[in-house]
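Take a moment to look over the sequence and the 3D structure. Then follow the text one element at a time.

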Amino acid sequence: MFRIKFVLISVILISVCLLFPLVGLANEAPLVVETEAQLREALAQLNEQGGSLTVQLAEDISVTNGGLSLSKGTLTLLGENHTLTLSSTFLITGEAVLHLGAKEYTPTLTLTSNSNTAAIFDLTGNAVLNMYAGVTMKDSRAGAMAGGVQAHGTSTFNMYGGTIENCHNWASVSGAVYVDENALFCMF
């Protein structure tokens, strides 16, 4: 009886040990983007297929052809000390998750907006936005939305660190973060 248990435990341990390298292979290198077109292509692929994707900025990028949208999957956006400037809001919908930076990731990411009417981020549905240390949202003006993050539905904005500065609403609601309906804003 002891031999059978020992053999069974040995087989389980060997199987688990053999799986660890496979788990490591699932963590692919970040997709490096230098242009708005490359960033849009990565988002389109994630919105179509779902899954997880890490995108790393190799240059400052200005999004000039409307807003960005994430409706499916999980996106981690790493700045590598670069800035993403939006001309319209970055919409996060459905069950999508966006990580700005990452835990223990030290290069910075700056997000700005040159729109005079839209928030940097607009969350709807059950979307989740996680912001980490080293990330800055700044220099945004909006009229009918918050300058930084607008959260609706049952969406969640988790701020694990980072800074929101100089985000204004010139007409109706708060400047940095506005929480509506059953949305949550959690600061850690």
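Arg40 and Glu36 both belong to helix 2, where they sit four residues apart, about one turn of the helix. Keep in mind that this is a predicted model. Arg40 and Glu36 form a salt bridge. Their closest N and O atoms are 2.9 Å apart. The count of salt bridges by this rule comes to one.

Are the two partners buried or exposed? Glu36 counts as buried, because its relative accessibility is 11% and the cut-off for buried is under 20%. Arg40 has 26% relative accessibility, so it counts as partly exposed.

Helix 2 covers residues 36-49, which makes 14 residues. How far apart should its ends be? At 1.5 Å a residue, the helix should span 20 Å. Its end C-alpha atoms are 20 Å apart, so the model agrees with the expectation.

Which residues of helix 2 are buried? They are Glu36, Leu39, Ala42, Leu43, Leu46 and Asn47. These residues cover an arc of only 130 degrees around the axis, so they lie on the same side of helix 2. The other side of the helix has exposed residues: Ala37, Glu41, Glu48 and Gln49. Just after helix 2 comes Gly50, with a positive phi of about 75 degrees.

Next, turn to the strands. Strand 5 runs over residues 74-78. Four of its five residues are buried, so strand 5 is largely enclosed by the rest of the structure. Which strands pair with it? One is strand 2, residues 52-57. Strand 2 and strand 5 pair in the parallel sense over five bridges. Here Gln56 stands opposite Leu78 of strand 5. Another partner is strand 8, residues 97-100. Strand 5 and strand 8 also pair in the parallel sense, over four bridges. In this pairing, Thr76 has His99 of strand 8 as its bridge partner. As you look along a strand, recall a general rule. In a regular strand, side chains alternate between the two faces of the sheet.

Move on to a loop. Ser115 lies between strand 9 (109-113) and strand 10 (121-123). Is Ser115 buried or exposed? Its relative accessible area is 10%, so Ser115 is buried. What does its side chain meet? A polar atom of the Ser115 side chain lies 3.0 Å from the backbone nitrogen of Thr117. The backbone nitrogen of Ala118 also lies 3.0 Å from a polar atom of that side chain. Further along the sequence, beyond four places away, Ser115 touches Leu86, Ser87, Ser88 and Arg141.

End with Gln150. This residue lies in strand 13, residues 149-151. Gln150 counts as buried, because its relative accessibility is 4%. A polar atom of the Gln150 side chain lies 2.8 Å from the backbone nitrogen of Ala146. What else is in contact with Gln150, leaving aside neighbours within four places in sequence? The list is Ala119, Phe121, Asp122, Leu123, Met145, Val173 and Tyr178.

Look back at the side chains of Ser115 and Gln150. The Ser115 side chain has a polar atom 3.0 Å from the backbone nitrogen of Thr117. The Gln150 side chain has one 2.8 Å from the backbone nitrogen of Ala146. Find both places in the structure.

Technical notes. Residues numbered from 1 in each chain as written. Predicted model: local features only at pLDDT ≥ 70, side-chain atom pairs only at ≥ 80, totals over all residues. Heavy atoms only, no water. Helix = DSSP H or I, 4+ residues; strand = E, 2+ residues; numbered from the N terminus. Expected span 1.5 Å × (residues − 1). Buried < 20%, exposed > 50% of the residue type's maximum accessible area, 1.4 Å probe, protein only. Arc of directions from axis to C-beta. Polar contact = N/O pair within 3.5 Å; in protein donor to acceptor, adjacent residues only side chain to side chain. Contact = heavy atoms within 4.5 Å. Salt bridge = Lys/Arg side-chain N within 4 Å of Asp/Glu carboxyl O. Pairing = 2+ DSSP bridges.
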